[in-house]
Amino acid sequence: MSETPKSLIRRTPWPPSASRPVVTPLQPSVVYASPDPDTLDSQYEGVNPGYTYAREGHPNADVLAQKIDMLEGAEGGIVTGSGMAAVTAALLGVLKAGDHVLGGDQLYGRSLRLLSQDLPRLGISASMADPTDAAGFAAAIRPETRMILLEVVSNPTLRVADIAGIAQIARERGVLLAIDNTFTTPRGFRPFEHGADIVIHSVTKILAGHSDATLGYVAAQDPELRRMIYDFAVTTGMTASPFDCWLAERGLYSFELRYDRAEENAALLADHLAGLPGVTRVLYPTQRDHPDHNRAVSLLGERGGHMVSFEIAGGRAAANALTRAAPAIAFAPTLGDIGTTLSHPASSSHRALGVEAREALGISEGFFRVSVGVEDIALLKAEFAAAIAASQQL
Ligand SMILES: *Cc1c(COP(=O)(O)O)cnc(C)c1O
(Lines give C-alpha, C1' and ligand atoms only; values in the text may rest on other atoms or scores of the structure.)
Protein backbone atom coordinates (compact mmCIF):
# COMPACT_ATOMS: atom_id res chain seq x y z
CA MET A 1 0.00 0.00 0.00
CA SER A 2 1.41 3.35 -1.01
CA GLU A 3 1.04 6.29 1.41
CA THR A 4 -1.04 9.31 0.35
CA PRO A 5 1.48 11.97 -0.75
CA LYS A 6 1.66 14.95 1.61
CA SER A 7 0.98 18.43 0.30
CA LEU A 8 1.39 21.96 1.53
CA ILE A 9 -1.59 22.86 -0.65
CA ARG A 10 -4.08 20.91 1.48
CA ARG A 11 -5.32 22.82 4.56
CA THR A 12 -4.04 21.53 7.85
CA PRO A 13 -7.00 20.65 10.11
CA TRP A 14 -7.54 23.17 12.89
CA PRO A 15 -6.01 21.77 16.09
CA PRO A 16 -8.68 20.37 18.42
CA SER A 17 -9.17 22.21 21.70
CA ALA A 18 -11.51 21.57 24.63
CA SER A 19 -11.30 25.30 25.43
CA ARG A 20 -12.31 28.14 23.17
CA PRO A 21 -10.80 31.54 22.47
CA VAL A 22 -12.35 34.39 24.44
CA VAL A 23 -11.74 36.89 21.63
CA THR A 24 -13.90 37.01 18.49
CA PRO A 25 -12.00 35.06 15.80
CA LEU A 26 -10.95 36.94 12.67
CA GLN A 27 -12.22 35.10 9.60
CA PRO A 28 -10.65 36.43 6.38
CA SER A 29 -11.92 33.59 4.17
CA VAL A 30 -13.44 34.85 0.91
CA VAL A 31 -15.12 31.54 0.12
CA TYR A 32 -16.82 28.88 2.19
CA ALA A 33 -16.90 25.19 1.23
CA SER A 34 -20.16 23.27 1.65
CA PRO A 35 -20.26 19.46 1.96
CA ASP A 36 -22.49 18.86 -1.11
CA PRO A 37 -24.85 20.60 -3.59
CA ASP A 38 -27.94 19.78 -1.47
CA THR A 39 -26.46 21.61 1.49
CA LEU A 40 -25.40 24.56 -0.70
CA ASP A 41 -28.93 24.68 -2.07
CA SER A 42 -30.36 24.75 1.44
CA GLN A 43 -27.99 27.60 2.35
CA TYR A 44 -29.08 29.70 -0.64
CA GLU A 45 -32.72 28.95 0.24
CA GLY A 46 -32.08 30.12 3.79
CA VAL A 47 -33.10 26.74 5.22
CA ASN A 48 -29.61 26.18 6.62
CA PRO A 49 -27.37 28.96 7.91
CA GLY A 50 -23.97 29.28 6.35
CA TYR A 51 -21.75 31.63 4.42
CA THR A 52 -20.89 31.16 0.76
CA TYR A 53 -18.87 34.12 -0.49
CA ALA A 54 -17.59 37.01 1.62
CA ARG A 55 -19.00 39.78 -0.58
CA GLU A 56 -22.45 38.43 0.30
CA GLY A 57 -21.66 38.33 4.00
CA HIS A 58 -19.10 37.08 6.49
CA PRO A 59 -19.08 36.40 10.23
CA ASN A 60 -17.00 39.41 11.28
CA ALA A 61 -19.45 41.78 9.56
CA ASP A 62 -22.40 39.97 11.14
CA VAL A 63 -20.97 40.06 14.65
CA LEU A 64 -20.35 43.79 14.25
CA ALA A 65 -23.79 44.42 12.75
CA GLN A 66 -25.48 42.58 15.61
CA LYS A 67 -23.79 44.82 18.17
CA ILE A 68 -24.81 48.03 16.38
CA ASP A 69 -28.32 46.57 15.90
CA MET A 70 -28.49 46.14 19.66
CA LEU A 71 -27.47 49.77 20.23
CA GLU A 72 -29.98 51.10 17.68
CA GLY A 73 -32.83 48.74 18.48
CA ALA A 74 -32.55 47.51 14.87
CA GLU A 75 -32.73 44.16 13.16
CA GLY A 76 -30.65 42.86 10.28
CA GLY A 77 -28.38 45.91 9.95
CA ILE A 78 -25.85 45.83 7.10
CA VAL A 79 -22.17 46.65 7.50
CA THR A 80 -20.57 48.39 4.51
CA GLY A 81 -17.02 49.30 3.50
CA SER A 82 -17.44 52.96 4.54
CA GLY A 83 -19.96 55.41 5.91
CA MET A 84 -20.44 56.82 2.41
CA ALA A 85 -21.17 53.31 1.13
CA ALA A 86 -23.94 53.12 3.74
CA VAL A 87 -25.38 56.51 2.66
CA THR A 88 -25.19 55.47 -1.00
CA ALA A 89 -26.83 52.08 -0.37
CA ALA A 90 -29.67 53.69 1.59
CA LEU A 91 -30.38 56.10 -1.28
CA LEU A 92 -29.64 54.11 -4.43
CA GLY A 93 -30.96 50.83 -3.06
CA VAL A 94 -34.38 52.43 -2.60
CA LEU A 95 -34.80 55.41 -4.97
CA LYS A 96 -35.53 55.25 -8.68
CA ALA A 97 -35.38 57.72 -11.57
CA GLY A 98 -38.10 60.35 -11.17
CA ASP A 99 -37.93 60.33 -7.36
CA HIS A 100 -36.90 63.37 -5.36
CA VAL A 101 -34.86 63.35 -2.16
CA LEU A 102 -34.86 66.20 0.32
CA GLY A 103 -31.72 66.61 2.41
CA GLY A 104 -30.68 68.77 5.33
CA ASP A 105 -28.67 71.74 4.09
CA GLN A 106 -25.71 71.02 6.38
CA LEU A 107 -25.21 67.32 5.69
CA TYR A 108 -21.77 65.71 5.61
CA GLY A 109 -19.89 67.11 2.59
CA ARG A 110 -19.82 63.92 0.51
CA SER A 111 -23.50 63.26 1.24
CA LEU A 112 -24.31 66.74 -0.06
CA ARG A 113 -22.24 66.00 -3.13
CA LEU A 114 -23.98 62.68 -3.71
CA LEU A 115 -27.34 64.45 -3.57
CA SER A 116 -26.44 67.49 -5.63
CA GLN A 117 -24.03 65.99 -8.22
CA ASP A 118 -24.51 62.26 -8.59
CA LEU A 119 -28.21 61.57 -8.04
CA PRO A 120 -29.33 64.09 -10.72
CA ARG A 121 -27.10 62.26 -13.23
CA LEU A 122 -29.20 59.16 -12.53
CA GLY A 123 -32.51 60.94 -12.91
CA ILE A 124 -33.12 61.36 -9.18
CA SER A 125 -33.59 64.99 -8.21
CA ALA A 126 -32.49 66.39 -4.89
CA SER A 127 -32.80 69.62 -2.97
CA MET A 128 -31.75 70.83 0.44
CA ALA A 129 -33.59 72.68 3.19
CA ASP A 130 -32.90 73.88 6.72
CA PRO A 131 -33.90 71.05 9.10
CA THR A 132 -34.07 73.36 12.13
CA ASP A 133 -37.23 74.82 10.56
CA ALA A 134 -39.84 72.06 10.17
CA ALA A 135 -42.40 74.29 8.40
CA GLY A 136 -39.86 75.48 5.83
CA PHE A 137 -38.69 71.92 5.41
CA ALA A 138 -42.27 70.73 4.82
CA ALA A 139 -42.71 73.38 2.14
CA ALA A 140 -39.78 71.86 0.21
CA ILE A 141 -41.47 68.45 -0.04
CA ARG A 142 -42.72 67.74 -3.57
CA PRO A 143 -45.26 65.22 -4.83
CA GLU A 144 -42.36 63.05 -6.05
CA THR A 145 -40.36 63.29 -2.80
CA ARG A 146 -39.61 59.74 -1.72
CA MET A 147 -36.98 60.21 0.99
CA ILE A 148 -35.67 62.72 3.52
CA LEU A 149 -32.03 62.50 4.63
CA LEU A 150 -31.10 64.20 7.90
CA GLU A 151 -28.33 64.40 10.45
CA VAL A 152 -29.45 65.16 13.99
CA VAL A 153 -26.61 67.54 14.83
CA SER A 154 -25.01 69.42 11.95
CA ASN A 155 -21.34 69.74 11.12
CA PRO A 156 -19.63 72.00 12.12
CA THR A 157 -22.10 74.50 13.59
CA LEU A 158 -23.83 71.83 15.72
CA ARG A 159 -27.35 72.97 14.86
CA VAL A 160 -30.02 70.51 16.07
CA ALA A 161 -32.60 69.35 13.51
CA ASP A 162 -36.31 69.43 14.37
CA ILE A 163 -36.55 65.65 14.17
CA ALA A 164 -39.96 65.49 15.87
CA GLY A 165 -41.51 68.02 13.48
CA ILE A 166 -39.96 66.54 10.35
CA ALA A 167 -40.73 62.92 11.35
CA GLN A 168 -44.40 63.86 11.72
CA ILE A 169 -44.45 65.55 8.31
CA ALA A 170 -42.66 62.58 6.73
CA ARG A 171 -45.28 60.23 8.18
CA GLU A 172 -48.18 62.40 7.01
CA ARG A 173 -46.76 62.77 3.52
CA GLY A 174 -45.67 59.13 3.15
CA VAL A 175 -41.99 60.05 2.75
CA LEU A 176 -39.23 57.77 4.06
CA LEU A 177 -37.04 59.31 6.77
CA ALA A 178 -33.36 58.33 6.74
CA ILE A 179 -31.17 59.58 9.60
CA ASP A 180 -27.38 59.61 9.58
CA ASN A 181 -26.75 59.11 13.30
CA THR A 182 -22.94 59.32 13.16
CA PHE A 183 -22.55 62.48 15.25
CA THR A 184 -25.14 61.68 17.89
CA THR A 185 -24.59 57.90 18.11
CA PRO A 186 -27.23 55.58 19.62
CA ARG A 187 -25.87 56.54 23.04
CA GLY A 188 -27.19 60.05 22.50
CA PHE A 189 -30.18 59.43 20.20
CA ARG A 190 -32.02 56.41 18.80
CA PRO A 191 -33.64 57.45 15.50
CA PHE A 192 -35.99 54.44 15.22
CA GLU A 193 -37.70 55.62 18.42
CA HIS A 194 -38.29 59.01 16.76
CA GLY A 195 -39.88 57.91 13.50
CA ALA A 196 -36.88 57.07 11.31
CA ASP A 197 -37.28 54.37 8.65
CA ILE A 198 -33.55 54.05 7.93
CA VAL A 199 -30.55 54.61 10.20
CA ILE A 200 -27.04 55.17 8.83
CA HIS A 201 -23.63 55.31 10.52
CA SER A 202 -20.09 56.05 9.62
CA VAL A 203 -18.71 53.35 11.94
CA THR A 204 -15.30 54.86 11.14
CA LYS A 205 -15.97 57.53 13.72
CA ILE A 206 -16.69 57.06 17.43
CA LEU A 207 -18.34 53.61 17.20
CA ALA A 208 -15.05 52.01 16.07
CA GLY A 209 -13.26 54.89 17.74
CA HIS A 210 -9.58 54.42 16.99
CA SER A 211 -9.11 55.84 13.47
CA ASP A 212 -7.93 52.48 12.14
CA ALA A 213 -11.00 51.10 10.33
CA THR A 214 -13.17 52.65 7.59
CA LEU A 215 -16.70 51.21 7.82
CA GLY A 216 -20.40 52.02 7.56
CA TYR A 217 -23.70 50.62 8.77
CA VAL A 218 -27.26 50.91 7.50
CA ALA A 219 -30.45 49.48 8.99
CA ALA A 220 -34.09 49.71 7.95
CA GLN A 221 -37.27 49.00 9.93
CA ASP A 222 -39.14 47.43 7.00
CA PRO A 223 -37.78 44.00 5.90
CA GLU A 224 -38.53 44.85 2.25
CA LEU A 225 -36.39 48.03 2.43
CA ARG A 226 -33.70 46.04 4.22
CA ARG A 227 -33.66 43.49 1.40
CA MET A 228 -33.42 46.20 -1.28
CA ILE A 229 -30.53 47.93 0.50
CA TYR A 230 -28.72 44.64 1.18
CA ASP A 231 -28.99 43.51 -2.44
CA PHE A 232 -27.78 46.85 -3.76
CA ALA A 233 -24.83 46.88 -1.35
CA VAL A 234 -23.80 43.33 -2.29
CA THR A 235 -24.29 43.84 -6.04
CA THR A 236 -22.23 47.02 -6.07
CA GLY A 237 -19.52 45.51 -3.88
CA MET A 238 -19.81 47.68 -0.78
CA THR A 239 -18.61 44.82 1.39
CA ALA A 240 -16.48 45.53 4.45
CA SER A 241 -13.12 43.92 5.12
CA PRO A 242 -13.24 41.24 7.85
CA PHE A 243 -10.19 42.78 9.51
CA ASP A 244 -11.81 46.23 9.66
CA CYS A 245 -14.95 44.64 11.12
CA TRP A 246 -12.85 42.81 13.67
CA LEU A 247 -11.12 46.06 14.70
CA ALA A 248 -14.43 47.91 14.92
CA GLU A 249 -16.04 45.18 16.99
CA ARG A 250 -13.12 45.35 19.37
CA GLY A 251 -13.60 49.12 19.50
CA LEU A 252 -17.25 48.68 20.45
CA TYR A 253 -16.40 46.96 23.74
CA SER A 254 -15.38 50.35 25.09
CA PHE A 255 -17.79 52.51 23.06
CA GLU A 256 -20.12 53.43 25.91
CA LEU A 257 -17.23 54.27 28.25
CA ARG A 258 -15.49 56.32 25.55
CA TYR A 259 -18.65 58.14 24.55
CA ASP A 260 -19.65 59.06 28.10
CA ARG A 261 -16.18 60.29 28.97
CA ALA A 262 -15.78 62.23 25.69
CA GLU A 263 -19.18 63.84 26.20
CA GLU A 264 -18.42 64.81 29.77
CA ASN A 265 -15.10 66.28 28.58
CA ALA A 266 -16.82 68.15 25.75
CA ALA A 267 -19.24 69.93 28.08
CA LEU A 268 -16.38 70.90 30.41
CA LEU A 269 -14.15 72.00 27.52
CA ALA A 270 -16.97 74.12 26.05
CA ASP A 271 -17.26 76.01 29.37
CA HIS A 272 -13.50 76.37 29.60
CA LEU A 273 -13.16 77.71 26.04
CA ALA A 274 -15.91 80.26 26.65
CA GLY A 275 -13.79 81.85 29.39
CA LEU A 276 -10.55 82.16 27.38
CA PRO A 277 -9.39 85.52 25.95
CA GLY A 278 -9.41 85.51 22.14
CA VAL A 279 -12.34 83.06 21.90
CA THR A 280 -15.19 84.92 20.19
CA ARG A 281 -17.76 82.12 20.09
CA VAL A 282 -18.34 78.62 21.50
CA LEU A 283 -20.97 76.22 20.15
CA TYR A 284 -22.18 73.27 22.20
CA PRO A 285 -25.77 72.06 21.72
CA THR A 286 -26.89 71.96 25.34
CA GLN A 287 -25.26 75.28 26.34
CA ARG A 288 -27.73 78.02 27.28
CA ASP A 289 -26.67 80.39 24.50
CA HIS A 290 -26.84 77.78 21.72
CA PRO A 291 -29.53 78.70 19.15
CA ASP A 292 -31.17 75.25 19.50
CA HIS A 293 -30.66 74.85 23.24
CA ASN A 294 -34.26 73.87 24.06
CA ARG A 295 -34.55 71.38 21.22
CA ALA A 296 -31.14 69.90 22.07
CA VAL A 297 -32.23 69.30 25.66
CA SER A 298 -35.56 67.77 24.67
CA LEU A 299 -33.99 65.54 22.00
CA LEU A 300 -30.64 64.65 23.55
CA GLY A 301 -31.21 65.14 27.27
CA GLU A 302 -28.93 67.26 29.41
CA ARG A 303 -25.75 66.25 27.59
CA GLY A 304 -24.87 67.37 24.12
CA GLY A 305 -22.39 64.91 22.60
CA HIS A 306 -18.64 64.86 22.04
CA MET A 307 -18.30 67.69 19.52
CA VAL A 308 -17.57 71.35 20.35
CA SER A 309 -16.99 74.18 17.91
CA PHE A 310 -15.39 77.54 18.64
CA GLU A 311 -14.08 80.63 16.93
CA ILE A 312 -10.99 82.67 17.69
CA ALA A 313 -10.12 86.22 16.72
CA GLY A 314 -7.38 86.83 14.18
CA GLY A 315 -8.46 84.87 11.12
CA ARG A 316 -6.28 82.38 9.21
CA ALA A 317 -2.98 83.57 10.71
CA ALA A 318 -4.28 82.93 14.22
CA ALA A 319 -5.70 79.56 13.10
CA ASN A 320 -2.28 78.52 11.77
CA ALA A 321 -0.66 79.59 15.03
CA LEU A 322 -3.21 77.63 17.06
CA THR A 323 -2.67 74.26 15.37
CA ARG A 324 1.11 74.73 15.41
CA ALA A 325 1.00 75.50 19.13
CA ALA A 326 -0.98 72.29 19.83
CA PRO A 327 1.03 69.55 18.08
CA ALA A 328 -0.27 66.89 20.49
CA ILE A 329 -3.86 67.46 19.35
CA ALA A 330 -4.10 65.90 15.89
CA PHE A 331 -5.13 68.54 13.35
CA ALA A 332 -7.02 66.13 11.11
CA PRO A 333 -10.37 66.26 9.30
CA THR A 334 -12.04 63.42 11.20
CA LEU A 335 -13.93 62.83 14.43
CA GLY A 336 -14.62 60.17 16.99
CA ASP A 337 -11.04 59.13 17.68
CA ILE A 338 -10.18 58.05 21.22
CA GLY A 339 -8.03 61.19 21.40
CA THR A 340 -9.05 64.77 20.75
CA THR A 341 -8.80 65.93 17.14
CA LEU A 342 -9.18 69.39 15.71
CA SER A 343 -10.56 70.34 12.31
CA HIS A 344 -10.68 73.64 10.44
CA PRO A 345 -13.74 73.58 8.16
CA ALA A 346 -12.71 76.59 6.05
CA SER A 347 -9.60 74.74 4.79
CA SER A 348 -11.07 71.22 4.68
CA SER A 349 -14.69 70.03 4.87
CA HIS A 350 -16.20 73.36 3.79
CA ARG A 351 -13.49 74.69 1.45
CA ALA A 352 -15.60 74.03 -1.65
CA LEU A 353 -18.44 76.23 -0.33
CA GLY A 354 -16.65 79.50 -0.93
CA VAL A 355 -16.25 82.43 1.45
CA GLU A 356 -19.76 83.84 1.16
CA ALA A 357 -21.61 80.57 1.82
CA ARG A 358 -19.24 79.86 4.69
CA GLU A 359 -19.79 83.29 6.22
CA ALA A 360 -23.56 82.72 5.97
CA LEU A 361 -23.11 79.62 8.11
CA GLY A 362 -20.79 81.47 10.49
CA ILE A 363 -17.74 79.47 9.46
CA SER A 364 -14.93 82.02 9.50
CA GLU A 365 -11.16 81.47 9.13
CA GLY A 366 -10.95 81.40 12.93
CA PHE A 367 -13.58 78.66 13.25
CA PHE A 368 -12.56 75.24 14.63
CA ARG A 369 -14.42 72.05 15.37
CA VAL A 370 -13.16 69.83 18.17
CA SER A 371 -13.89 66.13 18.39
CA VAL A 372 -13.25 65.68 22.09
CA GLY A 373 -11.49 62.53 23.24
CA VAL A 374 -11.20 60.71 26.54
CA GLU A 375 -8.03 62.42 27.86
CA ASP A 376 -7.80 63.85 31.34
CA ILE A 377 -9.80 67.08 31.15
CA ALA A 378 -7.04 68.99 32.98
CA LEU A 379 -4.65 68.14 30.14
CA LEU A 380 -7.14 69.27 27.50
CA LYS A 381 -7.86 72.54 29.27
CA ALA A 382 -4.15 73.30 29.56
CA GLU A 383 -3.38 72.40 25.93
CA PHE A 384 -6.24 74.50 24.55
CA ALA A 385 -5.46 77.45 26.82
CA ALA A 386 -1.81 77.43 25.69
CA ALA A 387 -2.65 77.03 21.98
CA ILE A 388 -5.27 79.77 22.00
CA ALA A 389 -2.98 82.12 23.94
CA ALA A 390 -0.26 81.48 21.32
CA SER A 391 -2.74 82.19 18.51
CA GLN A 392 -3.49 85.61 19.95
CA GLN A 393 0.12 86.75 20.36
CA LEU A 394 0.73 87.49 16.69
C1 LIG B 1 -17.58 60.64 8.20
C2 LIG B 1 -19.02 60.75 7.95
C3 LIG B 1 -19.61 60.09 6.87
C4 LIG B 1 -18.82 59.26 5.89
O5 LIG B 1 -18.24 58.17 6.52
P6 LIG B 1 -16.92 57.44 5.92
O7 LIG B 1 -16.76 56.27 6.83
O8 LIG B 1 -15.80 58.43 6.03
O9 LIG B 1 -17.21 57.09 4.53
C10 LIG B 1 -20.98 60.22 6.70
N11 LIG B 1 -21.72 60.97 7.52
C12 LIG B 1 -21.18 61.62 8.57
C13 LIG B 1 -22.06 62.43 9.46
C14 LIG B 1 -19.81 61.54 8.83
O15 LIG B 1 -19.28 62.20 9.86
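Tutor: Start with D99. This residue is buried, because its relative accessible area is 6% and the limit for that label is under 20%. Keep in mind that the model is predicted. D99 sits in a loop, the one that runs between α3 (83-92) and β2 (100-104). What does D99 touch, once neighbours within four places in sequence are set aside? The list is G123, I124, S125, E144 and R146.

Now the partner, K96. The side chains of K96 and D99 meet in a salt bridge, at 3.2 Å from N to O. There is a second link in this pair. The backbone nitrogen of K96 lies 2.9 Å from a polar atom of the D99 side chain. K96 therefore meets D99 through its side chain in the salt bridge, and through its backbone in the 2.9 Å approach, while the labels of the two residues part ways because K96 has 51% relative accessibility and D99 has 6%. K96 counts as exposed. D99 counts as buried.

The structure holds 11 salt bridges. One of them is in helix α4. D118 forms a salt bridge with R121, and the closest N and O atoms are 2.8 Å apart. Why can these two be related by the helix? They are three residues apart in α4 (residues 109-121), which means about one helical turn separates them. D118 is partly exposed at 21%. R121 is exposed at 62%.

Helix α4 also carries S111. Is S111 buried or exposed? It is buried, with a relative accessible area of 1%. Beyond its neighbours within four places in sequence, S111 is in contact with M84 and V87. Helix α3 spans 83-92, and both of those contacts fall in that range.

Another pair is R55 and E56. Their closest N and O atoms are 3.7 Å apart, and the two form a salt bridge. Both count as partly exposed: E56 at 35% relative accessibility, R55 with a relative accessible area of 34%.

Salt bridges can also join into networks. R159, D292 and R295 are linked in one. The chain is divided into domain 1 (58-252) and domain 2 (255-391).

The centres of the two domains, taken over C-alpha atoms, are 25 Å apart. Contact involves 30 residues of domain 1 and 29 residues of domain 2. The size of an interface is often given as the accessible area lost when the parts come together. Here the two domains bury about 2,800 Å² between them, with 62% of it on carbon and sulfur atoms. On the domain 1 side, L158, R187 and I206 lose the most area to domain 2. Together they make up 25% of what that side buries.

How many salt bridges are counted between the domains? Three. R187 forms a salt bridge with E256, where the closest N and O atoms are 3.5 Å apart. The polar side of the interface also includes 17 residue pairs in polar contact. Two elements give two or more residues to the side of domain 1 that touches domain 2: α7 (185-188) and α9 (242-252). Of these, α7 gives the most, with three residues.

The UniProt annotation, from an unreviewed entry, marks K205 as a modified residue, N6-(pyridoxal phosphate)lysine. K205 lies in the loop between β6 (198-202) and β7 (216-220). Like D99, K205 is labelled buried: its relative accessible area is 10%, against 6% for D99. Not counting residues up to four places away in sequence, K205 touches Y108, T182, T334, L335 and G336.

Conventions:
Residues are numbered from 1 along each chain as its sequence is written. This is a predicted model: local features need pLDDT of at least 70, side-chain atom pairs count only at pLDDT 80 or more; totals for chains, interfaces and linings use all residues. Side-chain values use heavy atoms; hydrogens and water are left out. UniProt positions are given in the numbering used here, feature names are shortened, and annotations may be inferred rather than shown by experiment. Helices (H or I, at least four residues) and strands (E, at least two) are DSSP runs, numbered from the N terminus. Buried means under 20% relative accessible area, exposed over 50%, partly exposed in between (1.4 Å probe, protein chains only). Contact means heavy atoms within 4.5 Å. Domain bounds come from an automatic or database domain assignment. Buried area is the accessible area (1.4 Å probe) that two parts lose on being put together, summed over both. A salt bridge is a side-chain nitrogen of Lys or Arg within 4 Å of a carboxyl oxygen of Asp or Glu. A polar contact is a pair of N or O atoms within 3.5 Å; within protein, one must be able to donate a hydrogen and the other to accept it, and residues adjacent in sequence count only if both atoms are side-chain atoms.
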